[in-house]
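Here is a short report for a first look. Keep the sequence and the model side by side as you read.

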Amino acid sequence: MMSYADRLTTRTKIESNDTLLHKLVIKRGGYLPPNNDWRRDGKDIGRNTNIKELSFGYDLPLCCVPRNEFEEFSVGIASNRSIERLKISCSDAFGGDIFTMLTPFFERNDNLHYLRVAWSGFHDQRSILESLCLLREALSKFDTLREFVCPREILLQSDDLGMLVQALARHSALETIDLSGNNIGIGAMGAFSALLTNPQSSLTELVLKDCNIGDESACVLADALAGNCSLRYLNLGSNGSITTDGWMAIFKELPQSSLENIDLWGNEIEDNSASLLANSLTSASQLKALNLARNDNIGTAGWL
């Protein structure tokens with residue numbers, strides 16, 4: 001728990017543009033604007049040239065932040081150009097309008113390269129979907145992201161994720177997408193396919209760990225891998241729903257892909273798929289790293 005004195009010290013560092021203050025985390029129990037003066041903090045952050053990372057804690061909605069105060073805070077930080085990383089762990093705050101409030105910041109800060117969004121879990125699925133729509137709208141207003149992370153605090157559905165991926169596609173410099181723990185069905189994988197086969201895509205890392213991917217989606221991904229020349233790292237760990245048909249489709253396309261590192265930890269890969277993988281590896285000269293740990297269904301025949 002940050003004391004009031006420590007909060008005042010942090011506030012002074014923000015106001016004085018302290019060269020050692022590179023990361024600011026706003027959350028209950030940590031830093032909150034003294035006397036609930038969000039407007040003042042927003043203006044000072046807007047003028048700050050040293051803060052590189054700004055985070056909003058998951059319990060921010062519980063802090064009883066007045067909506068008008070956060071709106072004025074957002075107006076202030078819209079002038080900031082130093083923040084490169086933004087983490088929002090309360091994306092359902094203000095009914096999702098947190099993204100609408102922050103849109104001027106998104107539009108004006110060309111240095112923002114990293115965005116991590118998560119939901120606090122204190123609202124129902126409908127509220128989450130409404131905030132997701134506002135996130136997609138905000139993503140369509142700028143194009144500077146290089147890395148986007150949306151972890152498994154909630155389980156977004158495939159169609160919702162598909163529209164999110166479509167919004168991310170306008171970020172031509174985007175190199176990393178991590179949607180671990182969400183449901184990647186055929187709708188979302190179709191959006192990923194369009195992104196991967198776009199010759200303008202800069203995507204180099206795709207993390208779809210524990211995403212309940214099935215065979216149909218795996219086949220769509222396999223076709224996309226064959227038509228992509230930028231992806232270097234693919235994480236498909238803990239996708240036990242992929243059976244032999246899905247794995248064979250993916251392994252068949254490895255020689256035509258640009259992958260250098262593939263993580264298949266904790267899946268249900270069996271001997272037939274493992275044998276096809278071994279044959280593909282003889283032609284996949286670009287592949288440098290492969291993780292097959294915890295694939296307990298591979299027997300002696302598969303390893304040989």
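Strand β2 and strand β3 (residues 85–88) run parallel, joined by 4 bridges. Strands count as paired if DSSP finds at least two bridges between them. Phe56 stands opposite Ile88 in β3. On the other pairing, β1 and β2 also run parallel, with 4 bridges. There, Leu24 stands opposite Leu54 in β2.

This is a predicted model: local features need pLDDT of at least 70, side-chain atom pairs count only at pLDDT 80 or more, and totals for chains, interfaces and linings use all residues. Residues are numbered from 1 along each chain as its sequence is written, and side-chain values use heavy atoms, without hydrogens or water.

| Pair of strands | Bridges and direction |
|---|---|
| β1 and β2 | 4 bridges, parallel |
| β2 and β3 | 4 bridges, parallel |

Strand β2 spans residues 53–56. Glu53 and Ser55 point one way, Leu54 and Phe56 the other, and all are buried (under 20% relative accessible area, 1.4 Å probe, protein chains only). In a regular strand, side chains alternate between the two faces of the sheet. Together, β1, α2 and β2 make a right-handed β-α-β unit: with the strands pointing away from the viewer, the path from the first strand over the helix to the second runs clockwise.

Helix α1 covers residues 4–15. Arg7, Thr10, Arg11 and Ile14 are buried in α1. Seen down the axis of α1, the buried residues fall within an arc of 105 degrees, so they line one face of the helix. Their cover includes β1 (23–26) and α2 (38–47). Just after α1, Asn17 takes a positive phi of about 60 degrees.

Terms used
Helix = DSSP H or I, 4+ residues; strand = E, 2+ residues; numbered from the N terminus. Expected span 1.5 Å × (residues − 1). Buried < 20%, exposed > 50% of the residue type's maximum accessible area, 1.4 Å probe, protein only. Arc of directions from axis to C-beta. Contact = heavy atoms within 4.5 Å.
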